[in-house]
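Hi,

Here is the structure I promised to pass on.

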Amino acid sequence: MITLPAEVEAANAGLIEAIDDLVAEYGDDRSALIPILQALRQQRRQISDVAMQVVADRLGIPPVDVQGVVTFYHFLDTTPTGTHVIHLCRTISCAMAGMGAIAARLEHELGISFGETTPDGLFTLSWANCIGMCDAPPALLLNRQALARVTPDQVSELVLGLRAEVSGMIGA
Amino acid sequence: MTLATIEAEQGLRAALALDPAGVVATIRESGMKGRGGAGFPTGLKWQLAAEAVAPDGVRYVVCNADEGEPGTFKDRVLLAELPDLVFEGMTIGGYAIGSHEGICYLRGEYVYLLADLEACLERRRAAGLLGPDVAGSGFAFDITIHLGSGAYVCGEETALIESLEGRRGEPRNRPPFPVVSGFRGAPTVVNNVETFAWAAAILARGADWFAHIGTDRSTGPKLLSVSGDVQRPGVYEFPLGVSIAEVIEAAGGHDAKAAIVGGAAGTCVPARDFGRAISYEDVSTGGAVIVVGPWRDLLEVAENLQWFFANESCGQCTPCRVGNVKLLEGIRALRRGELTVQQLEDMVSLGQTMRIASKCGLGQAAPNVLLSIIENYRSEVLGHIPVGAR
């Protein structure tokens, strides 16, 4: 096991504890790597360099193998995401059913382009390849839940609603 | 839908009343070929896995629920509506090949189905349909669900196994085939969601029932995912051998110009060929039929699907990694009116090379839709090329 520099370890104590909990839950076999990374991504919204190093140490595999896996899959990523992640399906059946108008409305409402996160950290906007909702297009995943037959106006309402939720919480 | 009328656990009880070889024989007699698209005979696959040498007696049954083919959603509907039948089919498969461990590889995009699927497995354990003594037969079998993380290529069975083992989903060289050396080097059967559901139905209703539906070489009913320019997109069941025209008619597609049959990896069938049959011997498909209305620009369809492949290529082999990007650039240049006839011919040649030289089905199928559009709509395609460049 590689020992991290003491100051790095101290600065990431919470992260390391979370990884140790996940290893205890899923095991230290190579097959546990992806479930651990999925859970880490879910909990902490990013998979940092330190996280990849620690996971590699615990599983006894080279860190580059962990990085290789993280960068291979669409739902694993090193960059941090916002609180709410929107994946808009850009594949054929959705594209034929008005995906372009949904994309334009999302960019307009959020003020960002695809692949970006809003400065307040509330929203990340991403593309998805076919999400298997071709019978009810256009479709998107909001925090990995499928929303079907979305209209541009629904998108506006959705964004407004999620923003209000947050300001409501601050107000309370 | 026939599958919704199959009595619960009838197939499992019928299977457990036979010996494992009898179950394999039943599936072989049904003539069923894999419902995921590749069309390998299911009974033969089970037989090969049952006969393969398993040094420590371990074999695996894997359900490929990584339904990523554009235009395909019938597995999502099956998993949502009839999960018991799918898990029953996996259990039957386990009994047939002598496996005690099933794994369902659920695509990351379907994570919202996970809780219900786990609850279904829990119910089956409580009912004694999974666990150390399945339905009082003494046969032990259980199923776990592994969640994917978003990668189309993981629908390819060896990439799926790599992913299960915690690696990048890069397809393996074959042979060895998974039935000989699959998950953790053990004999492994990988079947599509729909294949397992029909396996349970075949045991319940008999091989003859299934074999008498469809054509001689494509037996049984098939679920089709119909989408695109139709009034009633959805999952339809037809006997294999059904004409493309009938399928489009059922979903309410009028004056369709073309149908992309088989999804992004399929082929573009022009309206004049709608009399052709959906079957393994004619137009083969895992179930996707994307209907294209008369007003559509087919090159827009081609560009969308080529972008998909350029984005989803695992990058392992050059024909696929580079070829898809080059084809995408070519389609874009064509649509801008900046391509010459010679360059179009070069694209066709590149596509043919990708078919031959790519390592797995992804790269081999990636040029299909484009090549079929160029072949079937030559004058429309050439119309995008400036007169001076012809």
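What share of the residues of chain A count as buried? Of its 172 residues, 49% do, where buried means under 20% relative accessible area, exposed means over 50% and partly exposed is in between, with a 1.4 Å probe and protein chains only.

Before the rest, some ground rules. This is a predicted model, in which local features need pLDDT of at least 70 and side-chain atom pairs count only at pLDDT 80 or more, while totals for chains, interfaces and linings use all residues. Residues are numbered from 1 along each chain as its sequence is written, chains are lettered from A and ligands numbered from 1 in the order in which they are written, and side-chain values use heavy atoms, with hydrogens and water left out.

Chain A first. Its secondary structure comes to 8 helices and 4 strands (DSSP runs numbered from the N terminus: H or I of at least four residues for helices, E of at least two for strands). From the N terminus the order is α-α-α-α-α-β-α-α-β-β-β-α. The C-alpha atoms fill a box of roughly 55 × 40 × 25 Å along the principal axes.

Now the interface. The contact (heavy atoms within 4.5 Å) takes 48 residues from chain B and 32 residues from chain A. About 3,200 Å² is buried between the two chains, 55% of it from carbon and sulfur atoms; buried area is the accessible area, with a 1.4 Å probe, that two parts lose on being put together, summed over both. B:Tyr112, B:Ser149 and B:Arg168 supply 19% of what chain B buries against chain A, more than any other three residues.

The rule finds 2 salt bridges across this interface, a salt bridge being a side-chain nitrogen of Lys or Arg within 4 Å of a carboxyl oxygen of Asp or Glu. B:Arg184 forms a salt bridge with A:Asp29, with the closest N and O atoms 3.3 Å apart. On the side of chain B that touches chain A, α11(B) gives the most, with 7 residues.

Over all chains there are 30 salt bridges. B:Arg125 pairs with B:Asp142, closest N and O atoms 3.0 Å apart. B:Arg125 lies in helix α6 of chain B and B:Asp142 in strand β3 of chain B, so the pair ties together parts 17 residues apart in sequence. Both are partly exposed, B:Arg125 at 27% relative accessible area and B:Asp142 at 27% too. Also worth a look: B:Asp297, B:Glu300, B:Glu303, B:Arg332 and B:Arg335 are linked in a network of salt bridges.

Cheers
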